[in-house]
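The stops below are to be selected one after another.

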Amino acid sequence: MTGRMPGALVYLQYLQDINISHNHLQGHADLEHWARLRQLQTLFMGHTRLSGPFPSTICQLSSLRILSMDKTDLTGRLPEDISKLENLEVLSVQKCKLTG
C-alpha cells in the first residue's frame with residue numbers, strides 16, 4: 001500500500017484485526033472516525049511513515065488488546081486516556097518520536 005491511510009476501513013464495523021504495518025503509508029494519521037471500530041482487538045501500524053500527533057481516537061477503542069506503532073513518525077505525548085483501555089495487553093511504540 002502507498003499513499004494515505006485508507007479511510008474506508010471505518011465502515012467495517014465488525015473488523016477485529018488491522019495490520020497495515022510495513023507499507024508505504026505516509027502523511028497525517030487521521031483516525032478521527034475510527035471510534036466506530038468497537039470490536040477492534042489488534043492494530044498494527046508500525047514501520048510506516050504515518051506522522052502527526054498520536055491519534056487520540058485510539059483511546060476509544062475499548063476492545064483493543066494489542067497496539068503496535070513501532071517506527072512511525074508520530075510525535076507528541078501519549079494521551080492520558082490510553083490508560084482507560086482496560087483490555088490493552090501490549091502497547092509497542094518503539095523508535096517513535098512520542099513522549100510520555
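Begin by selecting glutamate 89, which is exposed at a relative accessible area of 58%; here buried means under 20% relative accessible area, exposed over 50%, and partly exposed in between, computed with a 1.4 Å probe on protein chains only. The model is a predicted one, in which local features need pLDDT of at least 70 and side-chain atom pairs count only at pLDDT 80 or more, while totals for chains, interfaces and linings use all residues. Residues are numbered from 1 along each chain as its sequence is written, and side-chain values use heavy atoms, with hydrogens and water left out.

Glutamate 89 and arginine 65 form a salt bridge, with 3.8 Å between the closest N and O atoms; the term denotes a side-chain nitrogen of Lys or Arg within 4 Å of a carboxyl oxygen of Asp or Glu. This pair links distant parts of the chain, 24 residues apart: glutamate 89 belongs to the loop between β7 (73-77) and β8 (90-92), and arginine 65 to the loop between β5 (49-53) and β6 (66-68). Strands (E, at least two residues) and helices (H or I, at least four) are DSSP runs numbered from the N terminus. Arginine 65 counts as partly exposed, at 28% relative accessibility.

How many salt bridges does a search of the whole structure find? The search finds three.

For another of them, select lysine 97 and aspartate 73, whose closest N and O atoms are 3.8 Å apart. Lysine 97 is in strand β9 (residues 97-99) and aspartate 73 in strand β7, so that this pair, too, links distant parts of the chain, 24 residues apart. Is lysine 97 buried or exposed? Lysine 97 is exposed, at a relative accessible area of 51%, whereas aspartate 73 is partly exposed at 30%.

Now move to aspartate 81 and lysine 84, whose side chains meet in a salt bridge of 3.3 Å, N to O. Aspartate 81 counts as partly exposed at 37% relative accessibility, while lysine 84 is exposed at 60%.

Finally, select lysine 95 in the loop between β8 and β9. Lysine 95 is exposed, with a relative accessible area of 65%. Which residues does lysine 95 touch, not counting residues up to four places away in sequence? Lysine 95 touches Lys71 and Thr72, contact meaning heavy atoms within 4.5 Å.
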